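The following note collects points for a colleague who has the coordinates open.

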Amino acid sequence: MARRPTADDGVDLASYIDHSLLSPMATTEQVAQWCVEGDRYGFASVCIAPCHVPQAVDRLHNTKVKVCTVIGFPTGATTSATKLYEAQEAAERGADELDVVLNLGWLKEGKTDAIHREIATICEETGLLVKAILETAVLSPSEIALAAEVCMDAGVAFLKTSTGWQGGATVDVVRQLWELTQGRVGIKASGGIGTAAQATALVQAGATRIGTSRGVELMRQQKEAAAAEGP
């Protein structure tokens, strides 16, 4: 089982950050800015809406930054066929990673076979790294555990806490996911992460990715904190 970082280890946040721009009002100029910042700081990925994937792929060509996009975002309530088409189109356009929103109604009704089939098909048909968005803020601990097991069995690479539209990541939920996963998949904490201290606490709780639109601000805060501590 992987070891979580401790306070003594220090955390280089840049390598954890999915630099996210998911506002429905995002412009091509903003996407370009996010890509420049992603490369400059060495973020794990730039996460943008599906319509911006070709631009991000072009901008991030020959960099180490991955292009991430969202599927069924933000409700998860589109049909399985629609999600699959959206995922395949993103793959064909060059996306590296897919953050897929679960059908929460199915989860509440216990339709785990349908959830498994939907997620497994996307994983198999695209061959991309898939992060399943659980929307933990509206789930009970038992529902989180059920969703985690179904998604891991379906072949996801990450469990993601939230879209940010229904609430955000908490240290307690990340710890729960860490205990559930036992290092089998990554954990992406997302939603409402606005400070470097908050992001670091989530990493120390077990997060292996941090989804935030405030990546540059987090890096500024981390740099200032390091300077204040001195050599």
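1. For the packing angles below, axes are lines fitted to C-alpha atoms, for helices over the stretch in contact, and angles run from 0 to 180 degrees between N-to-C directions. The model under discussion is a predicted one.

2. On that basis, helix H5 (residues 112-126) packs with H6 at an angle of about 40°, and their axes are 8 Å apart. This angle makes H5 oblique to H6. The crossing of these two helices, H5 and H6, is right-handed. From H5, the residues Thr112, Ile115, His116, Ile119, Ala120 and Cys123 take part, and they meet Leu146, Val150, Asp153 and Ala154 in H6. Sorted by class, the contact of H5 with H6 comprises seven nonpolar, two polar and one charged residues.

3. A second pair consists of helix H7 (residues 171-181) and helix H8 (residues 196-205), which pack at an angle of about 25° with their axes 8 Å apart. Angles under 35 degrees count as roughly parallel; H7 and H8 are therefore roughly parallel to each other. H7 passes H8 in a right-handed crossing. On the H7 side the contact is made by Val171, Val174, Arg175 and Trp178, and on the H8 side by Ala201, Leu202 and Ala205. The residues of this contact of H7 with H8 comprise six nonpolar, no polar and one charged.

4. Thr200 also belongs to helix H8. Is this residue, Thr200, buried or exposed? With a relative accessible area of 17%, Thr200 is buried, because buried means under 20% relative accessible area. Not counting residues up to four places away in sequence, Thr200 touches Val11 and Leu13.

5. The largest nonpolar core has 64 residues, and those with the most contacts inside it are Leu134, Leu159 and Ile210. Helix H6 gives the most to this core, with seven residues.

6. Leaving aside neighbours within four places in sequence, Leu159 is in contact with Ala132, Leu134, Ala148, Cys151, Met152, Leu177, Thr181, Val185, Gly186, Ile187 and Lys188. One of these contacts, Leu134, is itself among the residues with the most contacts inside the largest nonpolar core.

7. Most residues other than glycine have a negative phi, and most peptide bonds are trans. Asn62 has a positive phi of about 70° although it is not a glycine. The residue Asn62 is placed in the loop between helix H2 (53-59) and E3. At 71% relative accessibility, Asn62 counts as exposed.

8. Glu135 likewise has a positive phi, of about 60°, and is not a glycine. Its place is in the loop between strand E5 (129-133) and helix H6 (141-154). Which relative accessible area does Glu135 have? The value for Glu135 is 1%, so the residue is buried, whereas Asn62 is exposed.

9. The peptide bond from Phe73 to Pro74 is cis, with omega near 0°. Pro74 lies in the loop between strand E3 (66-71) and helix H3 (80-92).

Terms used:
Residues are numbered from 1 along each chain as its sequence is written. This is a predicted model: local features need pLDDT of at least 70, side-chain atom pairs count only at pLDDT 80 or more; totals for chains, interfaces and linings use all residues. Side-chain values use heavy atoms; hydrogens and water are left out. Helices (H or I, at least four residues) and strands (E, at least two) are DSSP runs, numbered from the N terminus. Buried means under 20% relative accessible area, exposed over 50%, partly exposed in between (1.4 Å probe, protein chains only). A nonpolar core is a set of buried Ala, Val, Leu, Ile, Met, Phe, Trp, Tyr and Cys residues joined through side-chain atoms within 4.5 Å. Contact means heavy atoms within 4.5 Å. Angles under 35 degrees count as roughly parallel, over 145 as roughly antiparallel, 65 to 115 as roughly perpendicular and the rest as oblique. A crossing is left-handed if the near helix is turned anticlockwise from the far one by less than a right angle, and right-handed if clockwise. Ala, Val, Leu, Ile, Met, Phe, Trp, Tyr, Cys and Pro count as nonpolar, Asp, Glu, Lys and Arg as charged, and the others, Gly among them, as polar.
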